[in-house]
There are 6 protein chains.
Amino acid sequence: MIRLSPPGHQRIEFAPYLEVWCGGGEYNVAYALARLGLRTGWVGGLNDSPMGAIVRNHARAVGVNVDFAITRKYDGMGRKDRIGLNFTEVGFGPRASVTLYDRAYSATAGIQPGEVDWKKLFQEKGVRWFHTGGIFSALSESTRLVVAEAIKAAHEAGTIVSYDLNFRSKLWSSKEAIETTRPLVPYIDCLIGNEEDFQKVLGYEVEGVDVEKGELDTTAFKTMVEKVVKDFPNVKVVGTTLRGVKSAGINDWSAIMWAEGAFYDGPQMSGLEIEDRVGGGDGFASGFIYGFLTGKSPQECVNLGVAHGALLMTTRGDTSMITLDELLHVAKGGSARIKR
Amino acid sequence: MIRLSPPGHQRIEFAPYLEVWCGGGEYNVAYALARLGLRTGWVGGLNDSPMGAIVRNHARAVGVNVDFAITRKYDGMGRKDRIGLNFTEVGFGPRASVTLYDRAYSATAGIQPGEVDWKKLFQEKGVRWFHTGGIFSALSESTRLVVAEAIKAAHEAGTIVSYDLNFRSKLWSSKEAIETTRPLVPYIDCLIGNEEDFQKVLGYEVEGVDVEKGELDTTAFKTMVEKVVKDFPNVKVVGTTLRGVKSAGINDWSAIMWAEGAFYDGPQMSGLEIEDRVGGGDGFASGFIYGFLTGKSPQECVNLGVAHGALLMTTRGDTSMITLDELLHVAKGGSARIKR
Amino acid sequence: MIRLSPPGHQRIEFAPYLEVWCGGGEYNVAYALARLGLRTGWVGGLNDSPMGAIVRNHARAVGVNVDFAITRKYDGMGRKDRIGLNFTEVGFGPRASVTLYDRAYSATAGIQPGEVDWKKLFQEKGVRWFHTGGIFSALSESTRLVVAEAIKAAHEAGTIVSYDLNFRSKLWSSKEAIETTRPLVPYIDCLIGNEEDFQKVLGYEVEGVDVEKGELDTTAFKTMVEKVVKDFPNVKVVGTTLRGVKSAGINDWSAIMWAEGAFYDGPQMSGLEIEDRVGGGDGFASGFIYGFLTGKSPQECVNLGVAHGALLMTTRGDTSMITLDELLHVAKGGSARIKR
Amino acid sequence: MIRLSPPGHQRIEFAPYLEVWCGGGEYNVAYALARLGLRTGWVGGLNDSPMGAIVRNHARAVGVNVDFAITRKYDGMGRKDRIGLNFTEVGFGPRASVTLYDRAYSATAGIQPGEVDWKKLFQEKGVRWFHTGGIFSALSESTRLVVAEAIKAAHEAGTIVSYDLNFRSKLWSSKEAIETTRPLVPYIDCLIGNEEDFQKVLGYEVEGVDVEKGELDTTAFKTMVEKVVKDFPNVKVVGTTLRGVKSAGINDWSAIMWAEGAFYDGPQMSGLEIEDRVGGGDGFASGFIYGFLTGKSPQECVNLGVAHGALLMTTRGDTSMITLDELLHVAKGGSARIKR
Amino acid sequence: MIRLSPPGHQRIEFAPYLEVWCGGGEYNVAYALARLGLRTGWVGGLNDSPMGAIVRNHARAVGVNVDFAITRKYDGMGRKDRIGLNFTEVGFGPRASVTLYDRAYSATAGIQPGEVDWKKLFQEKGVRWFHTGGIFSALSESTRLVVAEAIKAAHEAGTIVSYDLNFRSKLWSSKEAIETTRPLVPYIDCLIGNEEDFQKVLGYEVEGVDVEKGELDTTAFKTMVEKVVKDFPNVKVVGTTLRGVKSAGINDWSAIMWAEGAFYDGPQMSGLEIEDRVGGGDGFASGFIYGFLTGKSPQECVNLGVAHGALLMTTRGDTSMITLDELLHVAKGGSARIKR
Amino acid sequence: MIRLSPPGHQRIEFAPYLEVWCGGGEYNVAYALARLGLRTGWVGGLNDSPMGAIVRNHARAVGVNVDFAITRKYDGMGRKDRIGLNFTEVGFGPRASVTLYDRAYSATAGIQPGEVDWKKLFQEKGVRWFHTGGIFSALSESTRLVVAEAIKAAHEAGTIVSYDLNFRSKLWSSKEAIETTRPLVPYIDCLIGNEEDFQKVLGYEVEGVDVEKGELDTTAFKTMVEKVVKDFPNVKVVGTTLRGVKSAGINDWSAIMWAEGAFYDGPQMSGLEIEDRVGGGDGFASGFIYGFLTGKSPQECVNLGVAHGALLMTTRGDTSMITLDELLHVAKGGSARIKR
């Protein structure tokens, strides 16, 4: 997706110009891991217009491989194969950030089963980790099939599969989400999501969930995770971020992770200043995936996830502008003293 | 439509931000005439998102009435009732300007017959002139019907009807255009279009038309106009602009008009410098409509059209930033000496 | 007034460019109420220069009617009928915001008694609420007369009159203010002002007032209000904002209101982040006027005022960029969690 | 004066921000000569607000001495001692540049006779050249007296006096101008002005003057100059620029100069591209003053004037951004080939 | 190199900010060819600072491979391994563009013989074309050796070698250039350079060369080429651009090429408008290399070179923003009519 | 030095443009004191390129005298006499600010002993205070000698000497620093530095110093100062700032000063908001130097230092944008309530 955003704390309605950014769930994770030094690629839909080129250039700039993305000829009108758009403004104080999607009929939503050669990717190319999630699944009838085919191909090839549940009520109903997603879980190694996601996407009822309050009840979360991993013993890791929204620019930020039998609490970053909250969750995901792929302990992984999410939210745009040195410094509790 | 444009001579693919402008065929004409001091309104589709507000605010700022526009609830996703977009870059030298449409499924394309109370507009409100054209007609199945209903209602009420033929091959075929448009001509008083438009939209074959060459053969044009007005004696005025594209920023610019039996050549503006060529044609249309509505002679009207189109192209954006004083000064051949 | 402001936290002295905003006491209230869906108009002075057009376009964009504003021909030099200017910079941390007025000889200051047809407005057009205040009164000898004539005409027509006392020592002395203002109070329904205002503009001595400290003594305020409404039993509502300036960007923010015999405390917004504090008071006024005009209870009205003032200060510029949905969300205590 | 200008070719009415520039007749000349390596100073009115600081900093940055400028306390309101403003937009093609003055009641207009110690400047400090003109004279009753006192003091000290006639109909009538200016000419060494200026400011009737046409009749100019120098034999140099306005951005540019008995034509710069035409005349004046002060021949002086005016118009803003090397290169006919 | 440039036509001395661009002789050619669809790579020096990342990201964004670039640890001080800088402003009218180098001690200048595995590149990777030139040779003692080793390795592997002579008097003397370059010519297939380059870098005396005049004498050029190819019969192609500098923004533009016995004149683009002339020569080189690598005739190759150089100069920055479709359109003489 | 900085909270690696600022230790102090109304000058190296002009103009704009700076001819390449650069980004939240130096081979580093006529400055011109420090000393072999010669000349002339120890490990080793600096202390009146500086630059071992922690142990500092002033009884004042880095944008800020036998604690500014922390230390130095030079008490001096440092950090750039009124207001504990 291309994201168009007013500068500073301006509003979409009144901005004389909009900044151009790129982002998307899987995309943000591939992008961040490339910056941290891993080889990554992104699979999705592009087109041959300048809008498609914006996304392609943006990905390649940091070394994300887009050779397996599907590129179609744009019709010059927008009937299909669009580059999905969102109009996102950064909130301020009591005024929340706003994202306005304009992403129907996108090239990504139009990907068909069979179009991507997953076998080549997972078996010949030897991809070690595959990350996807609920937004891509919800985009269209065909993407649901594509996700299923990809997850199974990855599983078969021994590629680790992570899945961010990410419920979006504008995209589908809870019923559709559950029907689509539960059959996929047996092929998933790592689940990411908050209590609401587990309820709406997997059907686990939890008492007293109110994500609006900005404080997740970690006890309820833990109880629920234990149910999930009992039902799906193939799941090895479950993670979620914890975000307390003091104001648009000040959040309490942490995460909790279950990994093969134990819970690990991430560092509590209270009163964290937020430049742009979009992409924070993907920052957590890419941080802890980085940890697992480089052989860190579960505690180090959740620390990396929290630190990476926090750092990602210090810059505008959905995608990481963080370096490995910076991540390691903050994950170890390093201060914000000037580097010179 | 909202138009998103790179600043200066930058390209869509590489611009860090995009300027926000508004425009559209009928919209540009209503907007320009409001600036010249006439009471005008615009009818089309809007939505209740900030994108809809951008267009609504932009129109109202100069006094264009939007009370008759249809406003729908946006679905937050873009499946329908979108605000149409275009990504437009201003060319330079040998590099042409580019417009990339992303306007399918817009609120305007979704207007249905019966939604607008044309009778109230033309009869009760006493609108004197109604302007529309081929792009709106081509947007969707329903807009074709809406155009027909509007033109007939205007005609019945004694409102003058002008129609800009504007063929766009990406929107429909010549066959569809002809089938849709010819039945409307008996209700039209003023036709605007170049030879290609008359051929593709009304079916008048002309020899040797090559709009790419940048020089319209005024003889062929005149021959063709004579055929048209013989077939449709209700047509009282036919006009077209003449544009010779020396480079993206330097055009030869003029216009020719037939009015009730005679041809009138507009002033020749050779080597005209162009800041942004989009909207030049609508600038011509609004200039000469201004002339007719204020009782000017046909020669004055074509002069006003040429001058207004030229001035409109001295600013970025599709819509006029010109005042009546400036229009009258240039239409009389006034120089560009500093005003202070 | 046109406000020229350095971007971000830059200073007037060093800024390479200045942002263009519009504002003014009555103007801000009319503008905000139009955004909330009410029909409003603004009466003041404009001129026929591009500077006048900036204000006119800005008002009309959100639907504020300016048909009753007085527009004069600008002399091209600035001897009179200027558009008032202010140069305003947003402070940061311990550095205060600064407003530098350059508004003498403005078109608004030049309005003469008899120029505006108040009777038509209040009686024929049926305006329900008239809002003005001490800054407009103080601008010139003639505006004092205009305010008096307007308030009396409104009162006579049964239009509710609200008046923001707003003492400005640069504009006039306390003595002049008292002599001008006290005779108006019998025609006023709703008074807005802090303790200092009541002292300097109406002559009510209060002990221990120090607005610099950033904490109004609500006890003293309440005592004083009781004196005022005893003297002027026609006054039905008295309101004031409470602002504790922790730093230029962090304020404690609330309000207190007396309405027909009882006091109502607004919500305490401690440590409120401020993007631009100018217009916060007008935001309060427009919020509670909205409440009264839509039939809310006094407590709801003060809540709306506090929330609206807080939201208005989340954006640059004096005027509201807030929607009704956003106002209602925050007035009910809603969080700043992202909307998407 | 501070000049506020929309960026690029935007218009005052629609610009979201305005660039901040400084300028003024005498100011521009002092500024340019400082850049060319001469010691210069500027005398005028400033105030102690940030607006005054903008001008002071701007002058000092290139080494212009402002120790003799009069600085007053600003009243925070604009009743007097303002920093004069102008809103200037750069035209494009057939659309002329526009300057909108807002300079009444400025600190410069308020300078009183006796406030500046001219004797100290011209006699003790040994200033070699004093430049002023008709705009400063026309600002107010008091500036007329100040100009007279300064010119006489300069003359008495043996300082060369140059005077740019510069008629502005918005500031005063031709009658006032003539009554004020003719008595000064006996103290002036160098007159600058076009035929219209000589007619309106000194009363020399010339046949067929039409500055609008953009081509001065050099024969008429020469005839007129001969009359002037016969009447005022003390005048040693008379110069004028010749500007043919093809469009706002393309001018024919040259100058003609009479010096002690002979006429010298400057180089013809046909089709000169103009970034910003404001300050071109002052660029001419400073170029030829530089020539005279560094001992160049009259022909070299007019060449320097034409080249310097042309170069000055290649940048935005009224004041020079040109270096001595660049001036000498172009004055010798050097090309615009890249320097690297 | 990173290029820092004032926006628009501003000057380095006065710009409040500078745009960030990337460029360099070989770099520009590799970048442009990647945009045209060929697989390319760039070899040079980078460092591990954010400055190095800017260049690396910029190259990768369009698909230029940088795996063979040498990346060193930056010392945080600039004693060595800097990223070379240039401060470049775009001229206007009679004011020339200016480039100010700050590129000593760069990582590229520090490349040592033996550091790059040319054999792997040319033999194992099968690179078909190697392009370098006189600027890289002149950077330091070590780069001269690196160029020699690279050219010989390419020649040995059958890779085509092109060399842009590009004399720069600030980098070395003609004597050094000749001593360094002549021994390389037997390994070069394609020479690019103007008459001055052939004289200063290869020692061919030509009568009447004056590149300042902006018009190369093609007869002298042809005579000289015939001498060169007689002395070095291995040379198969010799090309040069022809640039007549009417003003900084208007150039006459063409090229001439000798290929295996015959001369081919490129199209004459008179009065070409120039947005930014830097990179025009590299645009020519990449255009004709594209032609040769895709099997075009010599005449088509020179046409592609001229069109590509012209198009490259329609955008800011040294590197191409042009697509293959646009190149082919203009190379065939296509007009600048809007694409929509 | 010229500082190039991304706008807002952007990063060097991803910024499309960089803001241009000027700064440097001694430079910042001279600049700030000039703004406070004192006559100051700066001595260092400049060149004749536009880069040199940027620094010269910036200094002169606020009245800093640069007549004693050494200006050299730039070689157009950067081998020597460069203008030192730094690329500085402002951090956000947990992400620290970053400064990347590129300042080797600068004109300042190249100053040679004997080039500056210190005697003229300190004896004839009567300079009252001379400020320099460890960064300038560390730049090159020659600057060490220049600092020694300057300090001794100042001492001999009775000019007060202040020296900011400022250890930078990238510039030299502690051993070099100690060998260079200790011999200078007998000529220094006022030392500025934290515990680490005293250890690394003067060799005073202190227990438990960890500047990373963001809280200086004032007890250890006091013990150490007592040792220093016992060894060097000529030292009359020792000062240091105390900075607790809560986040990049929130610091605890204070200072402590020893003056002729007693310690003075500055005001505690807890949770101070920081726009740009660079230059804060120089802001402290210039604040307390202002105090001493205008006869304030030691307690007032440290208050001025803390307030001035805090205010300086409310604006972007290394140099002060603060006025004397603002400094005095905050030094007295004044609030950030809007000024209007």
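Mentor: Two residues are in contact if their C-beta atoms, placed from the backbone, lie within 7 Å. Please keep in mind that this is a predicted model.

Trainee: What rotation superposes chain C on chain D?

Mentor: A rotation of 180 degrees, with 0.0 Å of shift along its axis and an RMSD of 0.0 Å. That is the relation of a two-fold axis. The residue of chain C that comes closest to this axis is C:Leu18, with its C-alpha at 2.6 Å.

Trainee: And why do the copies meet through the same surface?

Mentor: Because 100% of the interface residues of chain C are also interface residues in chain D.

Trainee: Let us turn to the strands. How many bridges join β2(C) to β2 of chain D?

Mentor: Three bridges join them, and the two strands run antiparallel. Within this pairing, C:Glu19 has D:Tyr17 of β2(D) as its bridge partner.

Trainee: What is the strand order of the sheet they belong to?

Mentor: The order is β6(C)-β5(C)-β1(C)-β2(C)-β2(D)-β1(D)-β5(D)-β6(D), an open sheet of eight strands with mixed pairing. At the edges are β6 of chain C and β6 (98-102) of chain D, each of which pairs on one side only. From one strand to the next the twist averages 30 degrees.

Trainee: Do β1 and β5 of chain C run parallel or antiparallel?

Mentor: Strand β1 (residues 2-5) and strand β5 (residues 85-89) of chain C run parallel, joined by three bridges.

Trainee: Which strands does α2(C) lie across?

Mentor: It lies across β1 and β2 of chain C together with β5 (85-89) and β6 of chain D, and it runs at about 55 degrees to β2(C). Helix α2 (residues 50-61) of chain D, for its part, lies across β5 and β6 of chain C together with β1 (2-5) and β2 of chain D, at about 55 degrees to β2(D).

Trainee: Now for chain A. How many of its residues are in contact with chain C?

Mentor: 20 residues of chain A are in contact with 16 residues of chain C. On the chain A side, β6 (98-102) and β10 (237-247) give two or more residues each. That side comprises seven nonpolar, eight polar and five charged residues.

Trainee: What rotation relates chain A to chain C?

Mentor: A rotation of 120 degrees, with 0.0 Å of shift along its axis, superposes chain A on chain C with an RMSD of 0.0 Å. The two copies are thus related as by a three-fold rotation axis. In chain A, the residue that comes closest to the axis is A:Gly8, at 4.7 Å for the C-alpha.

Methods. Residues are numbered from 1 along each chain as its sequence is written. Chains are lettered from A and ligands numbered from 1 in the order in which they are written. This is a predicted model: local features need pLDDT of at least 70, side-chain atom pairs count only at pLDDT 80 or more; totals for chains, interfaces and linings use all residues. Copies are superposed by least squares on the C-alpha atoms of residues with pLDDT of at least 70 in both. Helices (H or I, at least four residues) and strands (E, at least two) are DSSP runs, numbered from the N terminus. Ala, Val, Leu, Ile, Met, Phe, Trp, Tyr, Cys and Pro count as nonpolar, Asp, Glu, Lys and Arg as charged, and the others, Gly among them, as polar. Two strands pair if DSSP finds at least two bridges between them. Axes are lines fitted to C-alpha atoms, for helices over the stretch in contact, and angles run from 0 to 180 degrees between N-to-C directions.
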